[in-house]
Amino acid sequence: MASGPVIILGSGLTGLSAAVALKRRGIAVTVLESAARAGGAVQTERSDGFLVECGPNSMMVNDPEVDSFMREAGLDSEIIRPGAKKRFLVRGGEPVALPSSPAGAVATPLFSLRGKMRVLGEPFIARGNADDESLADLVRRRLGGEILNYAIEPFVAGIYAGDPEKLSARHAFPKLWSLEREHGSFIRGALRMRRTGPRQKMMSFREGMGELPARLAVMLGEDLRCHARVESIAESAAGWSVAWNEEGRSKRAEAGTLVCAVPAFAVPQLPWSPAVQGRLGFLGRIEYPPVSIVALGFRRAEVGHPLDGFGMLVPSAEKRQILGTIFSSSLFPGRAPEGHVLLTTFVGGARQPDLAALPDEGLVDLVCGDLGALLGVRGAPVFRRIIRWPRAIPQYNRGYGEVLSALEKLEAAHPGLHFVGNYRGGIAAGQCIRNGLRLAEEIGTRKQS
Ligand SMILES: Cc1cc2nc3c(=O)[nH]c(=O)nc-3n(C[C@H](O)[C@H](O)[C@H](O)COP(=O)(O)OP(=O)(O)OC[C@H]3O[C@@H](n4cnc5c(N)ncnc54)[C@H](O)[C@@H]3O)c2cc1C
């Protein structure tokens with residue numbers, strides 16, 4: 001049985017949360033991070049009075065475990081809640097607010113009468129029996145094509161930067177999938193869950209999402225080794241032996257447990273022994289579409305729209321070039337200087353991957369064109385920052401069940417080896433934290449027994 005200290009490769013939210021939770025249990029931990037800083041996808045920058053989120057802009061938390069973890073990390077006083085909750089969907093070239101009540105849903109101009117009638121008929125549609133249906137097929141079957149194109153497709157672009165025709169309903173949207181399985185209908189199931197399920201709460205931190213990994217990194221102190229280039233990973237008498245180079249110095253550590261918390265595409269590139277290496281090819285095949293983030297600051301007076309909401313999503317049926325825009329300075333305070341607004345726009349994804357690779361000027365022109373038409377943005381941006389994610393978010397596409405079972409087999413064949421990260425068990429930041437905490441608990445409990 002595995003024992004002794006734990007080595008964690010990668011300091012994204014999953015690796016960091018697992019490391020802090022293990023340390024709290026009195027288990028020695030070393031985190032090896034190849035980059036200069038911890039946090040992976042979670043990064044915040046401040047310049048010229050604008051606060052730019054390079055990755056997630058906020059996170060949803062409905063998990064008491066995650067809540068108390070953040071409290072114990074001393075982040076309670078830093079947590080901020082959204083100032084604007086309205087969400088807009090673009091239809092017919094205009095941002096239209098999503099309805100927030102059943103009466104609003106009946107009256108909304110977002111969907112045709114036919115589309116609304118189709119939704120009302122959903123509880124009477126027979127339960128499907130496909131085991132690994134695409135999200136698009138599931139939604140078309142139960143809610144019709146209009147809801148797919150004007151509600152689900154843009155949301156999927158906003159969450160996964162993904163394509164509903166490819167995503168597995170079962171794995172990418174397990175709650176929705178199980179509503180049909182368990183209740184025979186989304187509507188019936190959702191009404192029952194409303195009475196019992198916890199409410200999700202959106203949050204960020206005063207100085208941005210980057211505060212979270214920064215705080216966790218401080219808690220790890222010297223146990224977090226940045227600029228670490230892993231040179232060999234071998235199974236040893238102790239369990240695992242890892243050698244790495246840290247700014248020119250060679251180091252080595254032995255551990256009973258090795259947690260691999262790097263992105264799926266980075267796993268096969270690590271220097272594994274041939275026994276492990278030969279079984280990792282499937283991880284390199286998980287699709288990660290590119291996304292470019294274009295954060296633009298404008299003078300408030302030069303934007304026609306009141307920006308009285310969270311942001312807008314743009315369905316592909318609208319034939320625009322952007323996926324959506326977060327009204328960052330409406331969402332949380334302190335994101336733009338007085339008299340200015342910050343708009344954070346997402347380009348590319350599985351929908352239009354080539355657009356993400358446009359040069360900077362091309363991206364800014366494309367975004368300004370769409371923002372001009374949709375939000376009445378007139379002047380040129382007074383601030384601009386472009387962040388490129390050539391491989392942004394793993395897609396839980398159809399066939400993803402095979403990835404999960406291959407991971408389980410691999411772990412069973414190599415005791416003390418764990419694979420975690422957003423390609424397993426949920427892509428959302430809150431889910432990554434929860435998965436890190438659960439892994440720490442599993443390792444900690446095993447060590448005690
Ligand atoms: C643009 C974008 C927007 C997002 N928006 C949201 C949002 O609004 N809400 C939300 O909930 N979620 C959002 N997410 C998703 C969420 O932020 C991520 O899923 C989550 O942060 C990923 O955490 P992770 O632990 O899997 O690892 P990652 O963040 O991928 O970190 C992995 C770490 O491993 C390190 N690493 C890689 N190779 C090696 C190596 N060889 N040796 C050592 N270390 C290595 C990397 O440097 C990195 O630090 C967004 C993601 C992106 C990219």
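I number residues from 1 along each chain as its sequence is written, and side-chain values use heavy atoms, with hydrogens and water left out. As the model is predicted, local features need pLDDT of at least 70 and side-chain atom pairs count only at pLDDT 80 or more, while totals for chains, interfaces and linings use all residues.

Ligand. I then went through polar contacts (pairs of N or O atoms within 3.5 Å). The side chain of E33 has an N or O atom 2.5 Å from a ligand oxygen. A polar backbone atom of A41 is 2.8 Å from an oxygen atom of the ligand. For S34, a backbone N or O atom lies 3.2 Å from a ligand nitrogen.

Helices. I took helices as DSSP runs of H or I, at least four residues, and strands as runs of E, at least two, numbered from the N terminus. Helices α5 (135-143) and α6 (145-159) pack at about 145 degrees, axes 8 Å apart; axes are lines fitted to C-alpha atoms over the stretch in contact, and angles run from 0 to 180 degrees between N-to-C directions. In contact (heavy atoms within 4.5 Å), I list L135 and V139 among the α5 residues, and L148 and I152 among those of α6.

Sheet. I find an open antiparallel sheet in the order β11-β12-β13, where pairing takes at least two DSSP bridges. The edge strands are β11 (228-235) and β13 (249-255). β11 pairs with β12 (240-246) over seven bridges, and A234 stands opposite S241.

Notes:
A polar contact is a pair of N or O atoms within 3.5 Å; within protein, one must be able to donate a hydrogen and the other to accept it, and residues adjacent in sequence count only if both atoms are side-chain atoms.
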